[in-house]
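Dear colleague,

Please find the structure for your review below. A short account of the findings follows it.

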Amino acid sequence: MPDVRSNIVSWGKTLLANKSRMNYAEIRPIPLHNPPKFPVTTDCSGFVTICYYLAGAPDPNGLNYSGQGYTGTLLSHGQHITKEQALPGDVIVYGGGTGEHTALIIEAGADPVTISHGQQGDPSIVRVSQDGRTPQTYLRFNTNKLPVTVRLANRVRVAVRKKA
């Protein structure tokens with residue numbers, strides 16, 4: 001199966017390029033549309049989830065793109081890795097417990113670069129050191145492209161839930 005890690009980053013950059021059409025709010029269900037229907041209103045974990053969805057990767061929340069999920073589901077479903085292991089397309093969660101904020105890593109290194117969608121006016125490019133919250137948990141998710149049949153089934157499931 002092809003890896004879609006670069007597509008995850010590309011979708012993050014596409015949403016960043018459309019920041020004037022992005023809004024911040026903690027709402028559910030996460031607006032999962034391919035292509036995105038602007039304006040897009042979501043929070044930090046929704047932003048990460050949307051990037052994975054648009055790239056064709058499995059749901060990083062482990063919820064089959066039900067439209068639900070938050071930093072806590074990302075933390076419980078992701079593989080915990082070190083900063084040194086982080087690659088573009090991985091995720092960082094800031095704060096203890098179920099987390100305070102999450103961002104998409106687009107450039108690895110000693111001070112990774114992320115796309116952060118944590119307030120109105122975002123998404124923005126933010127180095128991990130600029131955020132500064134601790135602890136910092138780095139996460140890796142399955143980035144193998146879902147087969148078309150699974151992606152279509154997930155879309156139908158989300159559409160059915162919206163109508164109910």
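In what follows, a residue is called buried if its relative accessible area is under 20%, exposed if over 50%, and partly exposed in between, with a 1.4 Å probe and protein chains only. The model is predicted, so local features need pLDDT of at least 70 and side-chain atom pairs count only at pLDDT 80 or more, while totals for chains, interfaces and linings use all residues. Residues are numbered from 1 along each chain as its sequence is written, and side-chain values use heavy atoms, with hydrogens and water left out.

Aromatic pairs

The structure holds 2 aromatic pairs. Rings of Phe, Tyr and Trp (its six-membered ring) pair if their centres lie within 6.5 Å; planes under 30 degrees apart count as stacked, over 60 as edge-to-face and the rest as tilted.

Tyr52 and Phe141 pair edge-to-face, at 5.8 Å centre to centre and with 85° between the planes. Tyr52 lies in helix H2 (residues 44–55) and Phe141 in the loop between strand S8 (136–140) and helix H5 (148–163), so this pair ties together parts 89 residues apart in sequence. Helices (H or I, at least four residues) and strands (E, at least two) are DSSP runs, numbered from the N terminus. Both Tyr52 and Phe141 are buried.

Tyr53 and Tyr65 are also edge-to-face, with 5.0 Å between centres and 70° between planes. Tyr53 is in helix H2 and Tyr65 in the loop between H2 and helix H3 (71–77), 12 residues apart. Tyr53 and Tyr65 are both buried.

Cysteines

There are 0 disulfides (cysteine sulfur atoms within 2.5 Å). Cys44 is buried at 7% relative accessible area, and Cys51 is buried at 0%.

Yours sincerely
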